[in-house]
Each structure stands twice: as structure tokens, then as C-alpha cells.
Amino acid sequence: MKRGNASCSGEGRQNISMQGEYVKVRKRALERLTTEVMQLHDILPQVLNDDVVESFQKLDTVEAIVEKREHELEQLRMDCEHFKARLEAAQADCMKERKEKLSVRQQLSEAKQQLLQQAEYCTEMGAAVCTLLWSVSSNEEAVKHILGSSKAVKFFSIAGQTMESFVRSLGEDIKQQDVDSDESQFVLALAGIVTNVAALACGREFLVNSNRVLLDTMMQLLGEMKPGCCSKLKVLMLMSLYNVSINVKGLKYISESPGFFPLLWWLLNDVDPEVCLHVLRLLQSVILEPEVLTKSAPEMRDTLPFPRIVMLSKSRNVDLQMLAQDLLEDLKILESEI
């Protein structure tokens, strides 16, 4: 080894000293260093084998994966915090909406109560007014004034809609109409007004020319009400149709309506004798009009329930018994003409 100016003197100084690019070491230290290098040269290949190198590589891979997982975990934590904040906000909104919903329900309940009170008031008022109008409509001059009003057509149209709504609202198990209720009185009064109007010639002309929908509605509703149900209303409707049948044009219209005769046969099965009485009156009105009878005879001959009429001719109700007997006599003449 090349020697320089550096020198080593005394045991108190270091074994190695440097000056510039030259180094001076003791021979014994150099030999020890050489021995250690040779030992490492022999040992390192045994220590640093393929398994160790592979383990270090795997360690690097695992460290990378761990680092990635830590990053993902941190991201998940951030997402969790975000969703937690959104959940808290949603819960707050939910509580707010619940309070608002409770408030709206309360308002709705109050509105329903008010609406019910208004409906009850309107029904009570309608029943009172229409009952008075029913009484007034028995006067011919009053009817003429009513029919002369610009609201007459609208009134009878609403009357038909009201009767229809009432019948459609009846429960399936209803047996007897509550005639004392304001709603029933309201509808009965409307039907009574129609009956009184149809009792006059001008009224029949008005109904046939301007309110045929009302006639159709009454015939339809008569077919929907079960036997024994709403007898008073049925009687008033049948009386209205009978009064209309006095007008030849009106009789032609109702007798030519689809299902008219099956409707009469259906109503003849009613348990109320007064309903049956007015059905027979309406049937007799058809038979006594030659032009209508000629056109309706084939259908009547094929469907007429003679046994039921014979049974009614033996009824304990005198009026019903006499009318049924008269009708049977009329039908004997009918048989010879068909």
C-alpha cells in the first residue's frame, strides 16, 4: 500500500488516519480486515441464497399491498364519515317530514271534519228546500214557473245525479231504507218533484224533450235496487214513469228503452205490494196504447210472467188484486191480437 505523509504515533492516537488520498493502517488491522472480508466472502453466498432474496421480494410485495390496503381503509373511513353525515342529515330531514306529516294529517282531519259538517248541513238544507219544493210542485202554476226558469234543465240533471249517487252508495246488506235520514228525505223529495212535474202535460213534454237522461237514470236505478229495498223511492220513480207514459212520445221512449220489459218483470217480484201495483199500472199503460202494443207485443208474449200476475190477482191488497185482475182481462184480448 502506498505510504504518504500521514503518520501514526503513540497508542493514544487512532489506528487509522487519513490525509488527502492516502490511508495508513496497522498491519494487524489490515490482516484482521482481510480475514473478515474473506469470511464474509465465504458466508454471504450461504446466507443470501434464493430463498432469502425471494423473501425480501415477497416482503416488498406485502408491504406494497399493506400500503394499498391502508390507503383503501382510509378511503373507506372517509366514505363512512361521508355516509354517516348524509345519514344524520337524512334522519334530520325524516324527523322534519314526520312532524310536517303529523301537521298535515291534523289539518286533513280538521278539513274532513269541516267537510263532513258542510255535507251534513248541505244535505239537511237540501232536504228541507226540496221537501218544500215538492209541496210547491203540486201547484200547476208553480211548476210552469219552475220549468220556465233557465236553471230547470240543470236542476233535473242534478236531481238524477243525486238519486244515482244515493242508490250507488247503498250497502250490499241494506234491507230497509232509513226514511228518517236527511239524505233519504232529500232524495225522496227530488223524486217527488219529478213525479209532480210529470203529472202535468207541460211537465211530461219537458221531461221527454229535455231530460231523457233523467228517465234513463231512473229506469237504470230501478233495476239496481234489490227487492224490498227503498220501496218509497221505487214507488215515486214508477209513478214518474207512469205519468210520462201518459204522453205518447214519452211512452214510446221508455217502452223502447233496452231492458224495459225485463225491468218490469224484475220489479214484479218485489215484496212490497205498492211497488207491484205501480209496475202493473205502467204495464197497463203500454197495453192500452195500440201503436206501442203492436211493436212490443212479440217481446211481451215471450217474456210476460203470467204466473206472477195471477198470484198478484189473489193478493190481500184490494187495489193490487183488482188491477192484476183487470190486467189479466186485458192480456186475454192481447192474446187474440198477437
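Helices α8 and α9 pack at an angle of about 125°, and their axes lie 6 Å apart; axes are lines fitted to C-alpha atoms, for helices over the stretch in contact, and angles run from 0 to 180 degrees between N-to-C directions. That makes α8 oblique to α9, since angles under 35 degrees count as roughly parallel, over 145 as roughly antiparallel, 65 to 115 as roughly perpendicular and the rest as oblique. From α8, L241, V244 and S245 meet G250, L251 and I254 of α9, contact meaning heavy atoms within 4.5 Å. The residues of this contact comprise four nonpolar, two polar and no charged.

This is a predicted model, in which local features need pLDDT of at least 70 and side-chain atom pairs count only at pLDDT 80 or more, while totals for chains, interfaces and linings use all residues. Residues are numbered from 1 along each chain as its sequence is written, and side-chain values use heavy atoms, with hydrogens and water left out.

In α10 (residues 260-267), six of the eight residues are buried, that is, under 20% relative accessible area with a 1.4 Å probe, protein chains only. They are F260, F261, L263, L264, W265 and L267, and they pack against α7, α8, α9, α11 and α12.

Helix α5 (residues 182-198) has 14 of its 17 residues buried, so it is largely enclosed by the rest of the structure.

Overall, the chain has 14 helices and two strands, and buried residues make up 32% of its 338 residues.

Terms used:
Buried < 20%, exposed > 50% of the residue type's maximum accessible area, 1.4 Å probe, protein only. Helix = DSSP H or I, 4+ residues; strand = E, 2+ residues; numbered from the N terminus. Nonpolar A, V, L, I, M, F, W, Y, C, P; charged D, E, K, R; others polar.
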